[in-house]
Amino acid sequence: APLSLLSPPLLFATTSSMSSSSSLTPPGSPAPKIKAVIFDLDGTLLDTETLSCKAVLDAFEDSMSEEVRETLARSPEGYKLPWELKKRTLGLRGGAWIPMVIEYGSEHWDVNEAPSVSEFWERWESRLCELCLDVDECPGATDLVQTLHDRGVPIAIATSSRGIAVEKKRVKHEGMFGCIPTIVCGEDVQNGKPAPDIYLEAARRIGIDPSECLCFEDAVAGVESARAAGMYCIAVPDPRMEPNAFIEAEADEVIQSLKHFDYKKWGLE
């Protein structure tokens, strides 16, 4: 079937309350016909976000003073980027979010002679690859992937990360990645999230129509990308993120973690 750009209707009316799952299923609603599942990687399957923040600060190198670096390290969130900045960068490719970070550093961290976008990207990716050799999975990731695999559901990853970074991140998690033969990376498509390109490419590679795919995302840009590709999408956001942002992006459901996925609701029991 041709790849459709039309989004499926919302089956579940999401709510702003955030217990284990924020969705209301209309009485008697049939389960959608899901034939494949596509996951985002960073912040969805692997808990790379804290490591990514550390790598971002390290990428400034000498352009950020040790005094500022130590002040950030002593903050309640440690090396995490301020949420006002972090939430704007989630799900985007380096070419889109790095200029935001450099501008923020110049305005708020007294960064002088900041590196170029390409130099920053290279430094950040190199440092992140070092840190990610020991990255942990997100709660419930392996169990969900393994269960879907055992039930014969085709699985893919659609990540804004570049392939070289994915190879480092997967080292500790070959059991999970062994169940996911299809991985589409940021450099594999022309336009990054929130454009639909990466999800359409993932659907093309696994041979499933987008309208029969279910995606998992932790970022608003990712939800917008999946929905623009004509797919269903479940948001698994950072707890600091307002669920309403994902509802506005037309997520079909918002859940607290992958452990709270309801197989029956989605016809995958």
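**Cores, a helix face and charged pairs**

Let's begin with a charged residue in this predicted model: arginine 162 is partly exposed, with 27% relative accessible area. Its side chain meets that of glutamate 125 in a salt bridge, 2.9 Å from N to O. Arginine 162 sits in the loop between strand S3 (155-158) and helix H7 (163-169), while glutamate 125 belongs to helix H5 (residues 117-131), so the pair links distant parts of the chain, 37 residues apart. In general, side chains of opposite charge can pair when their charged atoms come close.

Now turn to helix H2 (residues 66-74), where Val68, Arg69 and Leu72 are buried. Seen down the helix axis, the buried residues of H2 fall within an arc of 100°, so they line one face. They pack against helix H1 (49-59). On the face turned away from this buried side you will find the exposed residues Glu66, Glu67 and Arg74.

The structure holds 23 salt bridges.

Finally, look at the nonpolar residues. The largest nonpolar core has 58 residues, and Trp109, Phe216 and Phe261 are among those with the most contacts inside it. This core draws at least three residues from each of domain 1 (36-47 + 135-264) and domain 2 (49-134). Apart from it lies another core, of 30 residues, including Val184 and Phe246.

Note on methods: Residues numbered from 1 in each chain as written. Predicted model: local features only at pLDDT ≥ 70, side-chain atom pairs only at ≥ 80, totals over all residues. Heavy atoms only, no water. Core = buried A, V, L, I, M, F, W, Y, C linked by side-chain atoms within 4.5 Å. Buried < 20%, exposed > 50% of the residue type's maximum accessible area, 1.4 Å probe, protein only. Domains from an automatic or database assignment. Helix = DSSP H or I, 4+ residues; strand = E, 2+ residues; numbered from the N terminus. Arc of directions from axis to C-beta. Contact = heavy atoms within 4.5 Å. Salt bridge = Lys/Arg side-chain N within 4 Å of Asp/Glu carboxyl O.
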